[in-house]
Amino acid sequence: MKISRSIAKSYDKLADEYTREAYTNHLALSQLKRFANLLPKNAKVLDVGCGGGQDAKFLSDQGYAVLGIDVSKEMIKRAKIYAPKATFQKIDIRKLQGESYDGIWCCRVFHHISLDDQSGFLDALNKNLSIGGILYLTSVVSDKNSDYEAFDSGNDHLLKKRLRPATFKKIIADHGFKILRFSFWSEKKGMEVICKKEF
Ligand SMILES: C[S@@+](CC[C@H](N)C(=O)[O-])C[C@H]1O[C@@H](n2cnc3c(N)ncnc32)[C@H](O)[C@@H]1O
C-alpha cells in the first residue's frame with residue numbers, strides 16, 4: 001500500500017498534463033474496440049487505474065455500464081468531468097469489494113505494481129471478474145534478460161516494473177486467466193493481453 005500512496009501522489013501532480021495528453025492523443029483506440037467486441041451487450045465494465053477517464057468515456061459512450069477506479073484523487077476529479085456517463089471512485093483495486101464485472105480494462109497500470117505486490121493485484125482483478133469475463137492488461141517489456149523494477153527519475157519517481165514476455169504470460173495464467181491474444185505495442189517497449197477468466 002506504500003507504493004500505491006506514492007503512485008497516487010505522483011499522479012495527483014501529473015493529472016493535468018496526463019489527462020490533456022490522453023484525450024488529445026488517444027493511443028488505445030484500436031485496443032478498446034477489440035476489447036469491446038468481446039463483451040456482451042450492456043456489459044458491466046471496470047476500468048482499473050482509469051486516469052482521467054478517456055477509456056471509460058469511450059466505453060460508456062458505447063452504452064456499457066462503466067466504473068472507473070483510480071488511487072489518484074486528481075485523476076478521478078478530471079474523469080468525472082470529462083466522462084459523465086461513467087461512474088468513478090477513488091480506490092485501490094485491492095480494496096474494492098469483489099463484484100462480478102463482464103470485462104476489466106487495465107491499461108498502463110500494471111508496470112507500476114512492484115514485483116512483491118503483483119500477485120495480490122492479479123488476485124484482485126480475478127476477484128472482480130465473472131467466470132468467462134474478459135480482461136485487458138498491459139505491461140512494460142524488460143530490456144534485459146531478467147525481470148526487474150526501477151524508479152523512473154524522469155517521471156516523478158514512478159516505479160516501472162519491466163517483465164520478460166514469458167514471465168508476464170506465466171503470472172497471468174497462474175492467476176486463472178487464459179490468454180486469447182498477446183501482442184507487443186509501442187515499438188516493442190510495451191505488451192498487452194486479452195484474456196478470459198477460467199477459474
Ligand atoms: C499511466 S496511468 C494510466 C491511466 C489510463 N489507464 C491510461 O491508459 O491512460 C496509471 C494510473 O493507474 C493508477 N493506479 C496505479 N495503481 C493503482 C491501483 N492499485 N489501483 C487503482 N489505480 C491505480 C494511477 O493513479 C494512474 O492514474
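**Notebook: contacts, core and ligand shell**

I began with contacts between residues at least 6 apart in sequence, and found that 63% of them in the protein join residues at least 24 apart. I note here that the model is predicted.

**Overall build.** I looked up the secondary structure and found six helices and nine strands. I then checked the radius of gyration, which is 15 Å for the protein. A compact globule with 199 residues would have a value near 16 Å, so the two agree. Along the principal axes, the C-alpha atoms fill a box of roughly 45 × 40 × 30 Å. I also looked up burial: 38% of the 199 residues count as buried.

**Nonpolar core.** Next I turned to the largest nonpolar core, which holds 49 residues. I asked which of them touch the most other members. They are Val45, Val48, Ile104, Cys106, Leu125, Leu135 and Tyr136. Strand S5, residues 129-141, gives this core its largest share, five residues. I picked Leu125 and set aside its neighbours within four places in sequence. Leu125 is then in contact with Val48, Ile93, Ile104, Cys106 and Leu135.

**Strands S1 and S2.** I looked at how strand S1, residues 44-48, pairs with S2, and found the parallel sense over five bridges. Lys44 stands opposite Ala65, a residue of S2. I checked the cover of S2 as well: five of its six residues are buried, and the strand is mostly covered.

**Helix H3.** My next stop was helix H3, residues 54-61. This helix is mostly covered, with seven of its eight residues buried. I wrote down the buried ones: Gln54, Asp55, Ala56, Lys57, Phe58, Leu59 and Ser60. The list includes Asp55 and Lys57, and both of these count as charged. After H3 comes Gly63, and I recorded its phi as positive, near 105 degrees.

**Ligand shell.** Last, I looked up what surrounds the ligand and counted 20 residues. The closest are Tyr11, Gly49, Gly51, Ser72 and Cys107. Which element gives the most to this shell? It is H1, with five residues. Helix H1, residues 2-24, and strand S2, residues 65-70, each supply at least two residues of the shell. By class, I found twelve nonpolar, five polar and three charged residues around the ligand.

Methods. Residues are numbered from 1 along each chain as its sequence is written. This is a predicted model: local features need pLDDT of at least 70, side-chain atom pairs count only at pLDDT 80 or more; totals for chains, interfaces and linings use all residues. A residue is near a molecule or strand if its C-beta atom, placed from the backbone, lies within 6 Å of it. Helices (H or I, at least four residues) and strands (E, at least two) are DSSP runs, numbered from the N terminus. The radius of gyration is taken over C-alpha atoms; the globule rule is 2.2 Å times the number of residues to the power 0.38. A residue is buried if 20 or more other C-beta atoms lie within 10 Å of its own, exposed if 12 or fewer, and partly exposed in between; C-beta atoms are placed from the backbone. Two residues are in contact if their C-beta atoms, placed from the backbone, lie within 7 Å. A nonpolar core is a set of buried Ala, Val, Leu, Ile, Met, Phe, Trp, Tyr and Cys residues joined through C-beta atoms within 7 Å. Two strands pair if DSSP finds at least two bridges between them.
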